[in-house]
Amino acid sequence: AVVSTQSTGFEEIDWSCEPQERDEVTVRTPVNIAVIKYWGKRDEKLNLPLHSSLSVTLSMSDMYTETCARRSKETVFCINGKEEAPTKRLERLLNKTRSEHPSAHVLIDTHNTFPTAAGLASSASGYAALACALKMLY
């Protein structure tokens with residue numbers, strides 16, 4: 001993943017750094033494609049797959065997800081320029097952040113440089129980008 005702040009261009013994320021006080025952060029994450037995809041779950045509660053899978057991460061030179069998270073008075077979620085209702089999975093991620101930072105509300109603007117729902121892992125790259133952005137904001 002790479003990150004951009006208001007004062008710098010995109011750079012590799014230094015995972016050893018502590019979150020800093022910022023108002024906005026933009027993160028780019030790569031997309032991957034499943035070569036062998038698992039089907040089913042052996043444990044729904046722990047979200048464990050029934051079978052192993054194999055995927056390939058593609059180069060970020062052409063295809064990536066870019067997510068901008070900006071501190072806000074309310075949480076708003078946009079995908080590819082269109083406001084969307086948060087999914088249960090997104091709400092769990094936001095609630096986890098709010099459990100540690102009760103006033104955490106963000107404007108989330110995410111887009112893909114590839115077709116969404118085209119067999120590429122757009123939701124995985126989107127959640128990875130958002131998790132990175134929230135970690136860096138809070």
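From the N terminus on, the elements run β-β-β-β-β-β-β-β-β-β-α-β-α, which comes to two helices and eleven strands (DSSP runs, with H or I over at least four residues for helices and E over at least two for strands, numbered from the N terminus). This is a predicted model, with local features needing pLDDT of at least 70, side-chain atom pairs counted only at pLDDT 80 or more, and totals for chains, interfaces and linings using all residues. Residues are numbered from 1 along each chain as its sequence is written, and side-chain values use heavy atoms, with hydrogens and water left out.

Of the 138 residues, 31% count as buried (under 20% relative accessible area, with exposed meaning over 50% and partly exposed in between; 1.4 Å probe, protein chains only). The accessible surface is about 8800 Å², and carbon and sulfur atoms hold 53% of that (Shrake-Rupley method, 1.4 Å probe). As for contacts (heavy atoms within 4.5 Å), 70% of those between residues at least 6 apart in sequence join residues at least 24 apart.

Now to the second largest pocket, with its space of about 310 Å³. Its lining has 18 residues, and Phe77, Ile79, Ser122, Ser123 and Tyr127 are the closest to the centre. A pocket here is an open set of points on a 1 Å grid over the protein atoms alone, where a 1.4 Å probe fits, with protein on both sides within 12 Å along at least five of seven lines; lining residues have an atom within 4 Å of a point. The volume is the space filled by probe spheres set on the points, which are joined across faces, edges and corners. Strand 8 (64-71), strand 9 (76-79), strand 11 (106-112) and helix 2 (122-137) each put at least two residues into this lining, and helix 2 gives the largest share, five. By class, the lining has seven nonpolar, eleven polar and no charged residues (nonpolar being Ala, Val, Leu, Ile, Met, Phe, Trp, Tyr, Cys and Pro, charged being Asp, Glu, Lys and Arg, and polar the others, Gly among them).

Asn112 lies in strand 11 and is buried, at 14% relative accessible area. Leaving aside residues up to four places away in sequence, Asn112 touches Tyr64, Thr65, Asn80 and Ser122. The side chains of Asn112 and Thr65 also make a polar contact of 2.7 Å (N or O atoms within 3.5 Å, one able to donate a hydrogen and the other to accept it, with residues adjacent in sequence counting only if both atoms are side-chain atoms).

Most residues other than glycine have a negative phi. Asn80, in the loop between strand 9 and strand 10 (82-83), has a positive phi near 50° and is partly exposed at 41%. Asn47 also has a positive phi, near 60°; this residue sits in the loop between strand 5 (41-43) and strand 6 (48-49) and is partly exposed at 46%.
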